[in-house]
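Please walk through this model with me.

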Amino acid sequence: MYNIFDTYVLRTPLLTIDFFLNLTKEDKVTDEQLKDIFSDPTIKEAIFLASPAFYKEVEKWSTGKKIDEKGEIQNSLLKYLSRISSRPTPFGLFSGCSTGQFMKENKIKRENSLNKRHTRLDMNLTGALIKSLKEIPSIKEQLNFFPNNSLFELGDLLRFIESKYNDNSVLVQKMIEVESSDYIKEIIQFCGEGKSISQISNLLVDNDIEFDNAREFIMELIDSQILVSELEQTVSGVENFDNILSVLNRIEYKSPLTDNLKSIKLKLAELDKGNSNGIDAYIQILDLLKEFNITFNEKYVFQTDLIIGHNHNTLDEDIAENIQEGLALINTISDTNSNKDLYDFKKAFYDRYETKEISLALALDKEIGLGYPINSGSGDPNPLIDDITFNNYGSVEANPKLSQIDILLFDKIVEAEKKGSKIIEIREDEIKTPDCNWLNLPDTFSTIAQIAVIENQNMIHLNSFFGASAGNLFGRFCHGDSQINKFVEKIMAIENNLNPNIILAEIVHLPEDRIGNVLMRPSFRNYEIPFLSRSTKPSEKQIPINDIFISIKNNRLFLRSKKLNKEICPRLTTAHNYSHSNLPIYRFLCDMQLMEKRKTLHFQWNTMISNYLTFFPRVIYKNIILFTSKWKITTDKVKNILVITDDDVLLEAKFKEFVTKYNIPKLVYLIEGDNKLLINTSNLSSIKMLLSLIKNKSLFILEEFIFSDNTICVDSKQKGFVNEFIFSFYKN
């Protein structure tokens with residue numbers, strides 16, 4: 001029932017595997033090697049963008065102005081060099097992405113001279129700029145103001161969410177309740193299309209109210225965030241710095257500060273013209289920013305995305321067939337993973353409201369409605385405590401059951417241990433589960449896969465399929481890469497065609513400024529639901545929260561726009577992990593993307609088995625790697641190594657004993673959450689880097705490195721790259 005898109009997205013690090021292998025091929029990495037590599041302008045620029053503070057420390061160390069007796073700079077620099085050659089997840093100039101096509105051959109030829117880049121100001125900085133600019137009286141007077149898009153009426157009261165950063169720069173969002181009045185209702189209605197302070201003030205002027213009194217009242221509404229300006233940040237449509245310039249041009253604000261902003265815009269464009277820039281180019285922009293009345297961290301000034309260049313980027317259609325086969329297998333063995341929060345909410349909603357249609361804001365209000373998730377607490381949202389769960393012991397299944405595939409895997413582990421094998425294989429004839437269900441999957445979704453050449457065979461590392469939309473992983477790159485943007489538009493068109501009678505409305509919400517860097521995307525869909533963020537759509541294409549009503553129809557939750565009188569399906573075309581949000585409306589809308597759908601299909605170990613294992617063998621099915629080998633090691637296993645501080649010979653000897661005992665290969669990743677760091681277990685410098693990272697942990701995880709310098713993706717000298725492919729699917 002699902003086809004694979006002809007287009008895929010390839011993610012690779014900037015440098016080849018060969019770079020890391022050469023760097024760590026001797027017993028240790030010398031200071032001279034590190035200093036020589038750091039002299040490369042491309043490496044310098046990449047490290048500066050990753051951490052200006054660390055760049056300055058390395059600069060002083062490399063020129064002899066700083067001594068590093070403890071090896072902290074060397075460890076950190078080696079960590080960056082490992083990352084730039086072994087981790088393909090996009091990050092500044094360390095790694096990037098590009099589009100490719102399924103055709104008749106595997107031919108991926110990387111060419112760094114063809115790389116492109118997209119540099120913009122970090123949204124932490126544009127947020128500070130906006131805050132400074134809108135307090136300038138001559139600007140504030142000319143800005144248009146709109147109603148806060150979290151506003152909703154409750155009898156004679158208005159409720160809305162106030163957002164403020166506290167002294168620790170943590171965004172605190174608080175539900176505010178004020179008495180409504182005919183004046184406030186009239187103002188909210190009047191400001192729907194955006195009005196200036198003078199225009200709104202004049203609305204109230206009559207025989208009893210003078211202009212100054214009216215203006216003072218309007219300023220109170222602005223200060224309390226009942227009204228918000230057009231300069232507020234957004235995560236959809238035009239990028240925020242461009243919007244700042246557009247607004248200042250519209251209001252004809254003349255000031256040296258405006259000239260500074262225009263100069264910054266030109267200098268950002270200059271950065272993207274070449275593949276490498278001197279640090280002075282960035283210093284010039286920083287100097288211009290210092291003329292504004294803002295405080296900023298140099299680490300959060302520039303946001304850069306790398307578009308990898310290539311002479312050729314195709315995969316054989318046989319790979320597509322292998323991926324399809326992997327999808328069928330993982331769908332067969334994956335659990336149902338339905339959304340319990342939505343199920344509980346639907347039950348509670350019916351118990352209270354039955355078949356009535358209720359305002360969504362009212363239904364989700366923690367104090368007077370049901371809240372979301374159900375029993376998540378009451379009162380104002382507070383990021384300091386809202387993710388703490390109490391009395392949750394009953395949520396763990398008392399007697400977790402082993403499925404047929406679990407029993408099969410356990411038997412194979414026992415057999416592999418007897419043979420001393422690090423690989424277990426599942427055969428097609430061993431999968432005897434019923435036909436898989438294709439009816440409860442999203443319209444489009446994706447998988448992240450890796451293709452490695454192992455014993456002269458292309459092996460596909462394929463573990464899971466996920467996403468409410470195949471566009472989720474690509475949104476943030478669309479402003480910088482026209483080809484990715486074109487691909488996402490194709491995904492959107494297919495989703496619209498599959499839902500002709502439903503409005504697919506994009507959720508536009510900015511949790512906090514810095515997160516906006518990965519949420520910023522073009523305005524993909526015809527309609528948007530703005531919530532505590534500005535929408536760039538015309539008002540007739542915006543669906544306010546107070547226009548959305550909820551009911552139960554045909555035993556499912558049903559959202560309707562009152563003004564459009566049509567069903568709404570919310571969409572969030574980003575990779576934001578919204579499950580950490582403490583805002584019921586945002587979290588509920590995001591969950592509704594997958595109402596009665598499975599969020600993921602994945603291969604995973606049963607907890608009863610995984611709690612028992614300290615070594616997880618590689619699991620393969622035909623030419624598909626379902627799970628790479630992993631070692632779960634408690635730090636007490638290396639405590640005799642961690643205490644060695646001044647004897648390199650003894651350290652190497654003890655570490656060699658450790659890797660031999662646990663049969664750990666030469667190249668492994670250290671897993672830290674979502675991060676992976678490549679370690680060469682035969683190189684002393686790499687060993688010290690590993691020990692410095694695990695010394696304060698009770699447990700650490702190592703994963704096999706499946707690549708070699710012989711890979712499917714190479715440069716002009718046939719040197720190979722680590723890769724990640726994002727393959728996407730759509731309902732047939």
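Helices here are DSSP runs of H or I with at least four residues, strands are runs of E with at least two, and both are numbered from the N terminus. M608 sits in helix α21 (residues 607-610). The model is predicted: local features need pLDDT of at least 70, side-chain atom pairs count only at pLDDT 80 or more, and totals for chains, interfaces and linings use all residues. Residues are numbered from 1 along each chain as its sequence is written, and side-chain values use heavy atoms, with hydrogens and water left out.

M608 is partly exposed, at 43% relative accessible area. Buried means under 20%, exposed over 50%, and partly exposed in between (1.4 Å probe, protein chains only). Together with L402 and I407, M608 makes a nonpolar surface patch of about 260 Å². Patch residues have over 30% relative accessible area and no salt bridge; nonpolar side chains (Val, Leu, Ile, Met, Phe, Trp, Tyr) are joined within 5 Å, like charges within 9 Å. A salt bridge is a side-chain nitrogen of Lys or Arg within 4 Å of a carboxyl oxygen of Asp or Glu. Areas come from the Shrake-Rupley method with a 1.4 Å probe, and for residues only the protein chains shown count as cover.

Now the rings. Rings of Phe, Tyr and Trp (its six-membered ring) pair if their centres lie within 6.5 Å; planes under 30 degrees apart are stacked, over 60 edge-to-face, the rest tilted. This rule gives 36 aromatic pairs. F5 and F487 form an edge-to-face pair, 5.4 Å centre to centre with 85° between the planes. This pair links distant parts of the chain, 482 residues apart: F5 is in the loop between β1 (2-4) and β2 (7-13), F487 in helix α18 (residues 482-498). Both F5 and F487 are buried.

F349 and Y353 form a tilted pair, 4.9 Å centre to centre with 50° between the planes. Both lie in helix α15 (residues 340-353), four residues apart, about one turn of the helix. An α-helix has 3.6 residues a turn, so residues three or four places apart point the same way. F349 and Y353 are both buried. Elsewhere, ring pairs link Y2, W438, F445, F465 and F729 into a cluster.

Last comes helix α5 (residues 72-86). Its 15 residues reach 21 Å from first C-alpha to last, close to the expected 21 Å; the expected span is 1.5 Å times one less than the number of residues. Twelve of the 15 residues of α5 are buried, among them Y80 and R83.
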